[in-house]
Amino acid sequence: MKIVMTGSRRAWIEDAPDPTPEGEWVVVRATAVPICGSDMHGYYAEGAHTGGHEAVGEVVAVDSAHRLRVGDRVLVHPASGCGQCWLCRRGDYIHCRAMPAGSGPHFAQYIRKQEWLCPRLPDDVEDDLASLMGCGLSPAYQALTRLGVNAFSTVLITGLGPVGLGAVALASFLGARVWAVDTVAWRRQRAERLGAEAALDPNQTDVLGFVRDHTCGEGVPAAIDASGHPEAERLCIDALRALGKVAFIGENQGDIAYSPSRDGIRRGIEIIAAWHQNLNAFADLITFLRRFPQASDLISHTFGLADVDEAFRVFASREAAKVVLHPWA
Ligand SMILES: [Zn+2]
Ligand SMILES: [Zn+2]
């Protein structure tokens with residue numbers, strides 16, 4: 001089969017052995033594989049790296065799997081899980097401490113995966129759209145659910161890459177008023193198409209002043225940072241009203257300032273963070289894809305494997321939403 005390799009700001013195709021099914025591990029022929037922001041680490045790094053952790057495809061080979069049959073269309077979750085621990089049992093397998101090896105890269109024509117991490121897709125949700133249920137929607141879904149966002153909420157969302165745009169779309173679907181923030185004009189325009197009431201450039205607008213002017217000086221009840229930038233994360237904390245909640249869903253391996261007294265005790269704010277979805281989010285995300293027609297605007301480009309270098313270049317330009325690879329095109 002063909003797989004995608006990345007490194008030194010290039011992406012290219014190499015040959016690799018086809019995976020084989022074994023026990024609960026099935027083989028999925030990938031039809032839609034999105035690029036994630038976290039895949040860009042391998043793209044910018046020296047050397048040659050495999051990658052990818054989102055996908056939709058069709059089951060083409062099973063061993064002793066009993067939930068799936070050849071021909072089933074499925075969503076392919078990232079990583080793997082032991083299936084036995086309390087985290088796996090409650091659907092939060094992404095935090096499993098005993099992940100078995102064997103889940104290969106998703107930037108490939110075939111993906112090997114445990115059958116319980118491949119939920120069957122309904123016929124009326126097509127492949128590219130369904131592939132958004134990876135990083136395009138799942139961190140944002142978990143954040144919005146835990147923040148308690150609804151039609152009474154105003155949400156500040158900083159960072160409008162694919163994860164932040166997913167948050168804008170889901171918050172709009174929930175009826176919330178959304179204020180979106182990014183320095184890239186293309187992304188701000190896309191956020192407005194997805195339902196943002198205001199899309200602000202922090203280099204042009206005093207975002208904190210805007211928030212206070214439009215909330216009688218109180219601040220917002222909920223904020224989400226999807227940028228991973230320390231200034232944006234701190235802005236989200238500062239923009240909260242008393243008892244407000246912020247969710248971090250953009251990776252930042254560093255530190256930011258937080259005062260347990262000034263931010264926590266005296267203002268009563270809550271900080272949460274979210275990675276991937278609980279497995280039980282699947283039904284809600286299908287509902288969103290069926291009932292929010294603008295969801296297709298979360299995908300800006302699709303590319304066949306022959307054009308994979310161009311696909312990564314477009315994604316790296318930041319003038320893109322989700323970029324989806326078609327491994328057999
Ligand atoms: Zn586990
Ligand atoms: Zn991801």
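Colleague: Among contacts between residues at least 6 apart in sequence, what share joins residues at least 24 apart?
Modeller: In this predicted model, 66% of the contacts between residues at least 6 apart in sequence join residues that are at least 24 apart.

Colleague: Can you show me one pair like that, say with His-301, and tell me where that residue sits?
Modeller: His-301 is found in strand S13, and its C-alpha atom is separated by 8.7 Å from that of Leu-325, a residue 24 places away along the chain. Setting aside its neighbours within four places in sequence, His-301 is in contact with Ala-311, Val-314, Ala-320 and Val-323.

Colleague: Why does His-301 count as partly exposed?
Modeller: His-301 has 17 other C-beta atoms within 10 Å, so it counts as partly exposed, since a buried residue needs 20 or more and an exposed one has 12 or fewer.

Colleague: Let's step back to the whole chain. How many helices and strands does it have?
Modeller: The secondary structure comes to 11 helices and 14 strands, and of the 329 residues of the chain, 48% count as buried.

Colleague: And what radius of gyration does the chain have?
Modeller: The chain has a radius of gyration of 20 Å, which agrees with the value near 20 Å that a compact globule of 329 residues would have. Taken along the principal axes, the C-alpha atoms fill a box of roughly 60 × 40 × 35 Å.

Colleague: Which domains does the assignment give?
Modeller: The assignment gives domain 1, made of residues 2-135 together with 277-326, and domain 2, which covers residues 138-273. The centres of domain 1 and domain 2, taken over C-alpha atoms, are 27 Å apart, and the contact between them takes 20 residues from domain 1 and 20 residues from domain 2.

Colleague: On the domain 1 side, which element gives the largest share?
Modeller: That is helix H10, residues 282-291, which supplies 3 residues to the side of domain 1 that touches domain 2. By class, this side of domain 1 has 9 nonpolar, 6 polar and 5 charged residues.

Colleague: What about the largest nonpolar core, how many residues are in it?
Modeller: The largest nonpolar core has 98 residues, and those with the most contacts inside it are Val-155, Ile-157, Ala-167 and Val-168. This core draws at least three residues from each of domain 1 and domain 2. In soluble globular proteins, nonpolar side chains tend to be buried together.

Colleague: Which residues does Ala-167 touch?
Modeller: Not counting residues up to four places away in sequence, Ala-167 touches Ala-140, Ala-143, Leu-144, Ile-157, Ile-224 and Ala-226.

Colleague: Now helix H11, which of its residues are buried?
Modeller: In H11, residues 308-316, the buried ones include Val-308, Ala-311, Phe-312 and Phe-315. They cover an arc of only 90° around the axis, which means that they lie on the same side of H11. The buried residues of H11 pack against strands S1, S2, S13 and S14 and against helix H1.

Colleague: Last topic, which residue just after H11 takes a positive phi?
Modeller: It is Arg-318, with a phi of about 70°. Most residues other than glycine have a negative phi. Ala-79, although not a glycine, also has a positive phi, of about 55°, and lies in the loop between strand S5 and helix H2.

Colleague: And where is Cys-216, and is that residue buried or exposed?
Modeller: Cys-216 is in the loop between helix H7 and strand S10, and with 8 other C-beta atoms within 10 Å it is exposed. Its phi is also positive, near 55°.

Notes
Residues are numbered from 1 along each chain as its sequence is written. Chains are lettered from A and ligands numbered from 1 in the order in which they are written. This is a predicted model: local features need pLDDT of at least 70, side-chain atom pairs count only at pLDDT 80 or more; totals for chains, interfaces and linings use all residues. Domain bounds come from an automatic or database domain assignment. Two residues are in contact if their C-beta atoms, placed from the backbone, lie within 7 Å. Helices (H or I, at least four residues) and strands (E, at least two) are DSSP runs, numbered from the N terminus. Ala, Val, Leu, Ile, Met, Phe, Trp, Tyr, Cys and Pro count as nonpolar, Asp, Glu, Lys and Arg as charged, and the others, Gly among them, as polar. A nonpolar core is a set of buried Ala, Val, Leu, Ile, Met, Phe, Trp, Tyr and Cys residues joined through C-beta atoms within 7 Å. The arc is that of the directions from the helix axis to the C-beta atoms. The radius of gyration is taken over C-alpha atoms; the globule rule is 2.2 Å times the number of residues to the power 0.38.
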